Amino acid sequence: MEEQVILVDKDDNQIGTMPKMEAHEKALLHRAFSVFVFNEKGELMLQQRAAHKYHSPLLWTNTCCSHQRVGESNVEAGRRRLQEEMGFTTELKEVFSFIYKAPFDNGLTEHELDHVLIGKYEDKPVINEDEVAAYKWMQLEDVKSEIEQNPEIYTEWFKIIFKESYKRLTNA
């Protein structure tokens, strides 16, 4: 069965559910989360999406992101997906949320009320190669510079989220 997303209003009140692809085809607002994991040096763990992903293959993005399931808290969802994609869990805290819209060349649109979660981790992840091609640690300043110089190597949503959260993440 196809994954369901939680449709929400602008205040994050659940108004229904819908298959993920249909929500992206119709550009309907739905709940999502983005996880940013840092190490002791203040570096952000980035992941490169797997080559076979239906959109944004092999592009770099934040540590992980996905959609909450019905009845699942933002933090529970973040921990679940971090384990599924990166092979570890860590304590996460929600920093803020915001709404964004990002259309893709394939006709799909991400229209999400995104909950940004942060955590700390020091070890090497055990990446799920069905989801992730590679990972790397980068200082936020270096990420900012690289997005300015090579925006085409990053996912559309990460560029939006990074710009929205840069000041908040540097003070986190």
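**Before you start**

This is a predicted model, so local features need pLDDT of at least 70 and side-chain atom pairs count only at pLDDT 80 or more, while totals for chains, interfaces and linings use all residues. Residues are numbered from 1 along each chain as its sequence is written, and side-chain values use heavy atoms, with hydrogens and water left out.

**Stop 1: salt bridges**

A salt bridge here is a side-chain nitrogen of Lys or Arg within 4 Å of a carboxyl oxygen of Asp or Glu. The structure has 13 of these salt bridges.

Select E131 and K53. Their side chains form a salt bridge, 2.4 Å from N to O. E131 is in the loop between strand 8 (109-120) and strand 9 (132-139), and K53 is in the loop between strand 4 (43-49) and strand 5 (60-61), so this pair ties together parts 78 residues apart in sequence. Strands are DSSP runs of E, at least two residues, and helices are runs of H or I, at least four, both numbered from the N terminus.

Now check burial. Buried means under 20% relative accessible area, exposed over 50%, and partly exposed in between, with a 1.4 Å probe and protein chains only. E131 is buried at 16% relative accessibility. K53 is buried too, at 19%.

Move to E72 and R80. The closest N and O atoms of this salt bridge are 2.8 Å apart. Both residues are buried.

With K53, E72, R80 and E131, they are linked in a network of salt bridges.

**Stop 2: helix 4**

Select residues 156-170, which make up helix 4. Which residue meets E156 in a salt bridge? K159 does, at 2.9 Å from N to O. E156 is partly exposed at 35%, whereas K159 is buried at 18%.

Stay in helix 4 and pick F162 and Y166, which are 4 residues apart, about one turn. Rings of Phe, Tyr and Trp (its six-membered ring) pair if their centres lie within 6.5 Å; planes under 30 degrees apart are stacked, over 60 edge-to-face, and the rest tilted. F162 and Y166 form a tilted pair, 5.5 Å centre to centre with 50° between the planes. Both are buried.

**Stop 3: a charge over a ring**

Finish at W60 and K136. K136 lies over the face of W60, 4.3 Å from the ring centre. The rule asks for NZ of Lys or CZ of Arg within 6 Å of the ring centre and within 35 degrees of the ring normal.
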